[in-house]
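Dear colleague,

Please find below the structure that I am handing over to you. A summary of the findings comes after it.

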Amino acid sequence: MNEIPAILGSGAKVTSPTAVALDVTIWGARGSLPASGPAYDHYGGATCAVEVAAGDRTIIFDAGTGIVPMGAAMGRRDVRDIDLFLTHLHYDHVMGLPYFSPLHDPNTRLRIHLGGASDTEAQNRVADYFRQPFFPIALDAFPAKVSVHGLPEGVHHLGDDLRLTVLDLAHPEGATGLRLDRDGVAFAYITDFEHDNGPGDEAVMALARGADLALLDATYTPEEYAARRGWGHAHWRAAGELATRADAQAFGLFHHRHDRTDGDLGKIEALTRKVFPRAFAARAGQMFHLRKR
């Protein structure tokens with residue numbers, strides 16, 4: 001995994017594992033569809049999936065195709081207790097879940113949380129994805145111990161030192177943004193939103209406010225966005241303006257358009273950084289050590 005030295009939280013020297021509050025690993029940063037081939041090697045072709053290690057807690061945000069290599073790595077590390085938070089159920093955020101190898105381990109305990117749903121709604125909707133003709137195996141047929149829960153808006157305490165904030169975003173049929181806080185360190189995961197100069201933007205800024213690291217939807221360029229209003233996604237300038245207004249310490253452009261090549265993304269990243277120096281284009285394989293303050 002590659003570490004980005006300029007995006008490490010407080011900048012304090014790490015002297016022990018306990019000095020790191022949150023370890024964030026990007027396994028997939030693309031939206032809509034996965035991509036493959038040499039034109040997509042640098043930024044990666046997998047769709048949305050991010051792993052966060054918070055002390056002894058293992059947390060996943062979304063289950064796009066990036067969750068497949070993530071699951072293999074967790075097996076090698078003997079990770080057996082996992083919380084998966086789904087922002088919504090569009091295919092690019094769940095298509096990797098049936099192939100998440102910890103599901104095949106009877107010693108794994110996997111708790112799936114669906115944003116914007118009650119427990120019953122979450123259980124019915126996730127189960128619906130694991131049925132014919134979409135997939136041949138029901139979720140309850142996997143060996144792992146799996147439970148499914150709703151995740152309403154608000155603040156959820158995952159432990160004495162770990163807090164999850166959930167807010168609704170402006171996206172067709174709904175999506176949620178997520179923020180983890182631990183020991184004065186914050187990571188915000190804000191994909192699939194459309195800036196609206198209203199409640200949606202306020203939610204984005206509330207989640208990103210002062211965050212050590214934020215990942216924000218930047219599917220389009222400003223020029224492309226003009227013909228795609230109402231599709232539920234943002235462009236790099238809107239993401240940068242919102243992150244800057246929220247005083248996010250570093251922010252990654254996320255949910256890259258499915259056909260955006262490495263060359264395309266490199267140009268967008270360079271252009272964005274001229275306007276917003278704290279920005280970068282997220283890519284599979286990046287790891288961020290967010291340090292306690």
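Predicted model: local features only at pLDDT ≥ 70, side-chain atom pairs only at ≥ 80, totals over all residues.

Residues are numbered from 1 along each chain as its sequence is written, and side-chain values use heavy atoms, without hydrogens or water.

Helices (H or I, at least four residues) and strands (E, at least two) are DSSP runs numbered from the N terminus. Strand β2 (residues 20–28) is largely enclosed by the rest of the structure, because 8 of its 9 residues are buried (under 20% relative accessible area with a 1.4 Å probe, protein chains only; exposed is over 50%, partly exposed in between). Strands pair if DSSP finds at least two bridges between them. β2 runs antiparallel to β15 (residues 286–291), with 5 bridges, and Leu22 has Leu290 of β15 as its bridge partner. β2 is also antiparallel to β3 (residues 49–54), again through 5 bridges; there Thr25 stands opposite Glu51.

In helix α1 (residues 67–77), the buried residues are Ile67, Met70, Gly71, Ala73 and Met74. They cover an arc of only 165° around the axis, which puts them on the same side of α1 (the arc is that of the directions from the helix axis to the C-beta atoms). Gly75 and Arg76, on the other side of α1, are exposed. After α1 comes Asp78, with a positive phi near 60°.

Yours sincerely
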